Amino acid sequence: MSHQLSRSMIWRVTVFLCCFCMTNRLEATDVAVDWNAFVQADIRSTIDDGESPAIYRNEAAAGVALKAQLIPWKLRFIADLTFVWSGFTKDTEFEGLTTRKGVSPYYLESDSAYIEILQIIPWLDMRIGRQIVQWGAADQFNPTNNINAMDLEDPLAFGKTIGNQMIRLDFNPADSDFVLTAVWVPVFQPAQLPASALLQVGDASAELPFISPTTRLNAERLRNIYLTNPDSYDVASPNVTAKMPDFALRNSQVGVRAQWLIGRVDTSISWYLGRDSVPVSGRSYSTRESSERITASGISAIRVETDVSLYYPRKQVLGFDIAGELPFLDNAGIWFEGAVTFPQKKMMTFDITNIVSSARVLKDEVVSKTPFFKCTAGMDYSFNKNIYVLGQYIHGFPDEFGKEALRDYWMVMMDIKLMQERLTLRNVLLGEIPHQDDDLNLDDDNDGRVESLARGATADGKIGSIVYFPEIIAKPLDGLELILGAYLRFGHKESKFAMDAAGPSQVVLSARAAF
């Protein structure tokens, strides 16, 4: 049986193995080398109401990380590599059954593969290569953190970002409390979205993302021409394409951050120029194709094919954050992080004139050019060595873009540690503060019944949602962690956490051994 890897995968594995092979040689010359590894299993099942439980995740992973100080206090090499088996064999042609990747799919991940040069000139350090740059003082919800694209694939790993190739400079004069950081990212990298996100853009009945409720209503009225007539029309799932920016210098990303200490308060200001890593819709164009199905009237049905194009809008972000402790409240932690975003206006075109010649082309904003402000404010406190609590207010979720899209949220977390921290009971609640639904009901015949077939295109008053993450974390042995948990969604079907695109409720069982 042949086992074929892509050239890039072979290169990455070869480099990493070579680094490991060098370990003994480096140690022999008293060059500091540190490494660690882990093995992890992650199994999940859906538990949504009205549906039979299904295996939602069945992953196994093995990872290794290496840090080598090649020249003491001058040159370092840092890299990590994780090999992940997805655990699901997809439908395949027969040839797929003759390859290991076909019957046991896998992929590679790496957050870091960079060289760090210390004191390249006095007080200036440089990192070049694949890395993650984390900005912000808040817990997970960081509006100032825009250098790396978000990894939204797993809701239980929220706040994770994806490594990218970049150059980072850190200027720290005289080892003071002031640090000036500059980052240049040559090539834009998009966020990884969950598979369920396709329901927002890749479903024929998905609600259209126009800002104006009137434009959304007019679009639904046009789309109803074929959605309400299934005998004459066969409606296919849209073909969705995300348009990446050209690999040109003008599409590079840059960021600058100044950080300093005022007494016991960490403070920073930052600026970012680039693009939002979550795409927005820019075009929906439908065409008619012939169908083999014959309608009740004896004529061929019309097959509706729709092409949807997604784009990544430009943005500038001015941010700041502060974090410190409150001495009068037993040194409780406190932070505030905010960012003003100056977005690029984005229009969307909705065109079904090839299906219905009398229809008109609709074009309106999906992102306005109005600047908007996101922020996170929070506190944490340890009552004793066994009980820890955290609370946050969030204005604007990380994947929300545009003034009109922002909503308000809250988060609370409590850790109860038992048996000398061998057992932790963790409870996390994340809620969407109820807000007014601005949809307009489509009721052209005034019979009091909504005629739109689009998902969520109804006026429902105030809507909100909550997601609950309970976990039992056990560490029976040093280096071993066992987790039994859940991801439970509650709320209105149009709300942030309870909509279909948010993914199903899940039960989680995972194990991780690290050494």
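The legends below describe an overall view and several close-up views of one predicted protein model.

Because the model is predicted, local features need pLDDT of at least 70 and side-chain atom pairs count only at pLDDT 80 or more, while totals for chains, interfaces and linings use all residues. Residues are numbered from 1 along each chain as its sequence is written, and side-chain values use heavy atoms, with hydrogens and water left out.

View 1. Helices (H or I, at least four residues) and strands (E, at least two) are DSSP runs, numbered from the N terminus. The C-alpha trace spans about 85 × 65 × 50 Å along its principal axes. Of the 515 residues, 42% count as buried; buried means under 20% relative accessible area, exposed over 50%, and partly exposed in between (1.4 Å probe, protein chains only).

**View 2. The largest nonpolar core has 22 residues.** A nonpolar core is a set of buried Ala, Val, Leu, Ile, Met, Phe, Trp, Tyr and Cys residues joined through side-chain atoms within 4.5 Å. Phe210, Tyr226, Phe350 and Ile352 have the most contacts inside this core. At least two of its residues come from each of helix 5 (213-227), strand 14 (300-311), strand 17 (346-351) and strand 18 (362-367). Helix 5 gives the most, with four residues. Apart from this core lies another, of 21 residues, including Ala138, Phe397, Tyr409 and Val467.

**View 3. Tyr226 and the residues it touches.** Not counting residues up to four places away in sequence, Tyr226 is in contact (heavy atoms within 4.5 Å) with Tyr233, Val235, Ser286, Val304, Ile352 and Ile355.

**View 4. Thr267 lies in strand 12 (residues 265-275).** Thr267 has a relative accessible area of 11% and is therefore buried. Leaving aside neighbours within four places in sequence, its contacts are Ala258, Gln259, Trp260, Ile262, Asp321 and Ile322.

**View 5. Asp175 is in the loop between strand 7 (164-171) and strand 8 (179-185).** Asp175 is not a glycine, yet its phi is positive, at about 50°. With a relative accessible area of 66%, Asp175 is exposed.

**View 6. Asn331 is in the loop between strand 15 (314-326) and strand 16 (332-343).** Asn331, a residue other than glycine, has a positive phi near 60°. Its relative accessibility is 38%, so Asn331 counts as partly exposed.
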